[in-house]
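Student: Hi! I have a structure open here and would like to talk through a few spots in it. Could you take a look with me?
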Amino acid sequence: MSTPLTGTLLETKGLKKYFKVPGGWLHAVDGVDFKIETGKTLGVVGESGCGKTTLGRIMLKLVEPTDGQIFFDGKDITKLSKREMKSYRSDMQIIFQDPYSSLNPRMTVVDLIAEPMWVRKIFKTRAETVAKAKEFMSIVGLAKRLETAYPHELDGGRRQRIGIARALCLNPRFIVCDEPVSALDVSIQAQILNLLMDLQEEMKLTYFFITHDLSVVKHISDHIAVMYLGKCVEYSPAEELYKNPVHPYTKALLKAIPIPDISNRLQKEHIIKGELTSPVNPKPGCRFVARCEVSRDDCTKGDIPLVEVSPGHFVSCLHIGE
């Protein structure tokens, strides 16, 4: 899936991250290639433990990769030291999954938003910094009366708005959204998703959106990558993935989406059968083979590359169409 960097803000090539565990090496991310166009959103979906969050942290250099390359705005940042990465930190931010655990409980809302700007010394005076923090409160929809409130006094939606404001206040170009709505009520989820999409359009932001919810990822993404045990098994434009899923795992995920229609209440649930393959010292071949309904002997003989089945639609499967 080799692609030029024209119009691409971030690209990975052969990205890997292995962790040493008592039984050997855990392959958290194992040879992932993709690109994210400037101003677009790449959604990454998969079951818990498939490597989504690890991948996002590697891209920000919060976790060092075992192998592979990371290109940001055409520059290889893979081997940059912590000191060399400082010049990129303002451009690359993250919104965490749990808004409460990511906030200092002893700081007020306005101080929490101002903190990144203090650290980066964006303004010369405290008054300027606080004024800008209040401006970002307004941008993300936090009322002025909450300036002196503490995180424990707020609901999950407001806490996540603080997290979004903290990510925005350094004027980034790229944001990793690590399941930013999974801990929120459904009605609040919609508000936060719409806020993220509005901010993307206004501020020309580029998102790497991590989620396990296929309904959410469809709403916000331009392209979607489906991950399974550290591997990308399908990569496609968002609409194409839902209209024409190809990989057996992608099809199974889509069938598992609940249908909010009383006329379908008797519809049989689709359950993926079989045992998960261990990510520790995995054997060659497709990692979904033990749970796949169309697997054959040749699925375990070697690693299966991503193959383009239609323009921009890549799949890692030997038995496409079965």
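Student: At what angle do the axes of H3 and helix H5 cross?
Tutor: This is a predicted model, and in it the axes of H3 and helix H5 (residues 156–168) cross at roughly 25° and come within 8 Å. Angles under 35 degrees count as roughly parallel, so H3 is roughly parallel to H5.

Student: Is the crossing of H3 and H5 left-handed or right-handed?
Tutor: H3 and H5 have a right-handed crossing.

Student: Which residues make the contact?
Tutor: From H3 there are Val109, Leu112, Ile113, Glu115 and Pro116, and from H5 there are Ile162, Ala165 and Arg166. In the contact of H3 with H5, six residues are nonpolar and two are charged, with no polar ones.

Student: Nice. And how do H3 and helix H4 pack?
Tutor: Helix H3 (residues 109–120) packs against helix H4 (residues 126–139) at an angle of about 120°, and their axes are 8 Å apart. That angle makes H3 oblique to H4. H3 passes H4 in a right-handed crossing.

Student: Who takes part in that one, on the H3 and H4 sides?
Tutor: H3 brings Val109, Val110, Asp111, Ile113, Ala114, Met117 and Trp118. On the H4 side you have Arg126, Thr129, Val130, Lys132, Ala133, Lys134, Phe136 and Met137. The residues of the contact of H3 with H4 split into 10 nonpolar, one polar and four charged.

Student: Changing topic: where does isoleucine 175 lie?
Tutor: Isoleucine 175 lies in strand E7, which covers residues 174–178.

Student: Buried or exposed, that isoleucine 175?
Tutor: Isoleucine 175 has a relative accessible area of 1%, so it is buried.

Student: What does isoleucine 175 touch, beyond residues up to four places away in sequence?
Tutor: Isoleucine 175 touches Gln93, Ile94, Ile95, Ala167, Leu168, Leu205, Thr206, Tyr207 and Phe208. Take phenylalanine 208: it is 33 residues from isoleucine 175 along the chain, and their C-alpha atoms are separated by 6.3 Å.

Student: Last one: where is arginine 291?
Tutor: Arginine 291 is in the loop between helix H9 (248–255) and strand E11 (307–310).

Student: And is arginine 291 buried or exposed?
Tutor: Arginine 291 is buried, because its relative accessible area is 12% and the cut-off for buried is under 20%.

Student: Which residues is arginine 291 in contact with, leaving aside neighbours within four places in sequence?
Tutor: Arginine 291 is in contact with Glu47, Tyr228, Ile272, Lys273, Gly274, Glu275 and Leu276.

Methods: Residues are numbered from 1 along each chain as its sequence is written. This is a predicted model: local features need pLDDT of at least 70, side-chain atom pairs count only at pLDDT 80 or more; totals for chains, interfaces and linings use all residues. Side-chain values use heavy atoms; hydrogens and water are left out. Axes are lines fitted to C-alpha atoms, for helices over the stretch in contact, and angles run from 0 to 180 degrees between N-to-C directions. Helices (H or I, at least four residues) and strands (E, at least two) are DSSP runs, numbered from the N terminus. Angles under 35 degrees count as roughly parallel, over 145 as roughly antiparallel, 65 to 115 as roughly perpendicular and the rest as oblique. A crossing is left-handed if the near helix is turned anticlockwise from the far one by less than a right angle, and right-handed if clockwise. Contact means heavy atoms within 4.5 Å. Ala, Val, Leu, Ile, Met, Phe, Trp, Tyr, Cys and Pro count as nonpolar, Asp, Glu, Lys and Arg as charged, and the others, Gly among them, as polar. Buried means under 20% relative accessible area, exposed over 50%, partly exposed in between (1.4 Å probe, protein chains only).
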